[in-house]
Amino acid sequence: MDTAFFPPELLRMLIAALFVVTVVFVNALFMVYAERKIAGHIQRRPGPYEVGWHGILQTLVDGIKLMTKELVIPRDANRMLFRVAPLLAFTPVVMPFLVLPFSENLIIIDLDIGLIFILTMASLNVMAILVAGWSSNNKYGLFGAMRSVAQNIAYEIPILLSLLSVVLITNSFSMRTIVDAQISGLWFCLIQPLAFIIYLVAALAETNRAPFDMPEAESELTAGFHTEYSGMGFGLFFLGEYTNMFIVSSVAVAVFLGGWSGLPLPMDAWTGAIWFLLKVYILMFIMIWIRWTYPRVRFDQLMNLSWKYLIPFALLNLIVTAVIVKL
Amino acid sequence: MSGYFSDLYHGTKSLLVGLGVTFREMVKPTVTVHYPRETLTITPNYRGHIELVCDEKTGGSLCITCGMCARACPSACISIQSEKPEGSKKKILTGFVLDFTRCSLCGICVESCPTDAIAYSQEYNLAGFSREEFHMDLLDRLGKGGSLT
Ligand code: SF4
Ligand code: SF4
């Protein structure tokens, strides 16, 4: 191809955009299927079984159904905000893909502040939930949204604190530097086990998944903030949720589990992504497993867990790390 | 402050035990039945809608058209037609229609029949597109698949 017409940077952008969209959709398709299968087997039933071999095409068919459905806007809803909210939920969870280090060469942009970029984008998600709940003019939606805000504020602090204790060691927010530090040394889940556990618990709450699924508690709030959404509006929230799972797991892998490092493979700079994805999907499996094991926590328990346990321990861990690094 | 650390310890422990339980269940084989392809055997006690019993000797019904069942039915869902052919002493059954949309499956009709001409069927795949599908002509069904002996 004659690259004179395409500035390489533009080409990179195009490839990156395509790559991100593919990963988002394939991940969601796969995860919804995996979630339903695992949920089924935990409850001693087969899960989706009828569409395709062992129901493998089920999520594809569901996706097509969602896309062809009408987007109903409730009367008295704030039409503009109501339409914008799903996009707002979807865009920020896609952005972190730009800085995720899949392997040594497979990293779209290695920002100096990669970790901060991810955290910023992750916290935008709560905005989307608030807008969605607020604009749909529905009490369940509003309740769900309010809970989500309280929950996300409570759980972003332990996430930040636990990641900071790693940053204190690496002296950098760049995702590549953090992974490199683990390849030359020990994985940070061994150096910072407490931070790792705190991150996992808080990340679970950050993705609004059971047992922390207060914003969409089906049994209390019908569906919480997305009660009024139908068709692809709902579909985008759904995609957002599964992509968000992917993001928090990826951050955990990059920061605590050695990123792309693993047994050496040929063409390491590229194929390291296999190890990265393997670890990500193991973490996601654990998240699903947790969801189908525990009942939903009560709201005060949720707050207690964060303010009484996670934050004090994270702070303690941070201080100890700071002192040891200084010595 | 009391109980802070013991809460933490016991909470964590019970959470891990829970994960262990679900993991063990996950790797066990499933217990459900893939319905349209596999079916469970139905217990003989199953009480479906009523069906006329086929008389093994004549191949017809055992019904003597006494009308007890129709009278006993609390929902009035049985209607019986009969006629007396020329020169015959006995009436013969010419129509036995069950309006299953109203039947409460109480079984009083089965109890009240003096000749045990009706019994419960084992049919449970009862779905249809119109109400009329459940106005069942039991005499018509007699001898065709649905009949009982
Ligand atoms: S089962 Fe009860 S309701 Fe149904 S036809 Fe017999 S008597 Fe009537
Ligand atoms: S009670 Fe028995 S014999 Fe009498 S009409 Fe009904 S089915 Fe026939």
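Which residues of chain A does the UniProt annotation "transmembrane region" cover? The annotation, from an unreviewed entry, covers residues 12–34, 80–100, 106–132, 153–173, 185–205, 242–261, 273–294 and 306–325. UniProt positions are given in the numbering used here, feature names are shortened, and annotations may be inferred rather than shown by experiment. The model is predicted: local features need pLDDT of at least 70, side-chain atom pairs count only at pLDDT 80 or more, and totals for chains, interfaces and linings use all residues. Residues are numbered from 1 along each chain as its sequence is written, chains are lettered from A and ligands numbered from 1 in the order in which they are written, and side-chain values use heavy atoms, with hydrogens and water left out.

Two of the annotated spans were examined. Residues 306–325 of chain A are 100% helix and 0% strand, with end C-alpha atoms 26 Å apart. Residues 153–173 are 86% helix and 0% strand, and their end C-alpha atoms lie 22 Å apart. Helices (H or I, at least four residues) and strands (E, at least two) are DSSP runs, numbered from the N terminus.

Lys279(A) sits in helix α11 (residues 268–291) of chain A. Its relative accessibility is 11%, so Lys279(A) counts as buried. Buried means under 20% relative accessible area, exposed over 50%, and partly exposed in between (1.4 Å probe, protein chains only). The Lys279(A) side chain reaches the backbone oxygen of Leu257(A) at 2.8 Å. Beyond neighbours within four places in sequence, Lys279(A) is in contact (heavy atoms within 4.5 Å) with residues including Trp187(A), Val253(A) and Ser261(A). Glu241(A), in helix α10 (residues 231–256) of chain A, is also buried, at 14% relative accessibility.

Six salt bridges are found over all chains. A salt bridge is a side-chain nitrogen of Lys or Arg within 4 Å of a carboxyl oxygen of Asp or Glu. Asp62(A) pairs with Arg36(A), the closest N and O atoms being 2.9 Å apart. Asp62(A) lies in helix α2 and Arg36(A) in helix α1 (residues 8–42) of chain A, so the pair ties together parts that are 26 residues apart in sequence. Asp62(A) is partly exposed at 24%, as is Arg36(A) at 33%.

A second salt bridge links Arg44(A) and Glu25(B) (3.2 Å, N to O). Arg44(A) lies in the loop between α1 and α2 of chain A and Glu25(B) in helix α1 (residues 4–27) of chain B, so this pair joins two chains. Glu25(B) also bridges to Lys28(B), with the closest N and O atoms 3.1 Å apart. Glu25(B) is partly exposed, at 23% relative accessibility. Lys28(B) is partly exposed as well, at 37%.

In chain B, UniProt places a "binding site" (unreviewed entry) at Cys73(B), Cys103(B), Cys106(B) and Cys109(B). These residues spread over 37 residues of sequence but cluster in space, the largest C-alpha distance being 10.5 Å. Cys106(B) is in the loop between β3 (92–99) and α3 (108–112). Cys106(B) is partly exposed, at 36%, and is in contact with Arg47(B) and Pro74(B), leaving aside neighbours within four places in sequence. Cys109(B) belongs to helix α3 of chain B. Cys109(B) is buried, at 9% relative accessibility. Leaving aside neighbours within four places in sequence, Cys109(B) is in contact with Ile50(B), Cys69(B), Ile78(B) and Ile118(B).

Notes: Polar contact = N/O pair within 3.5 Å; in protein donor to acceptor, adjacent residues only side chain to side chain.
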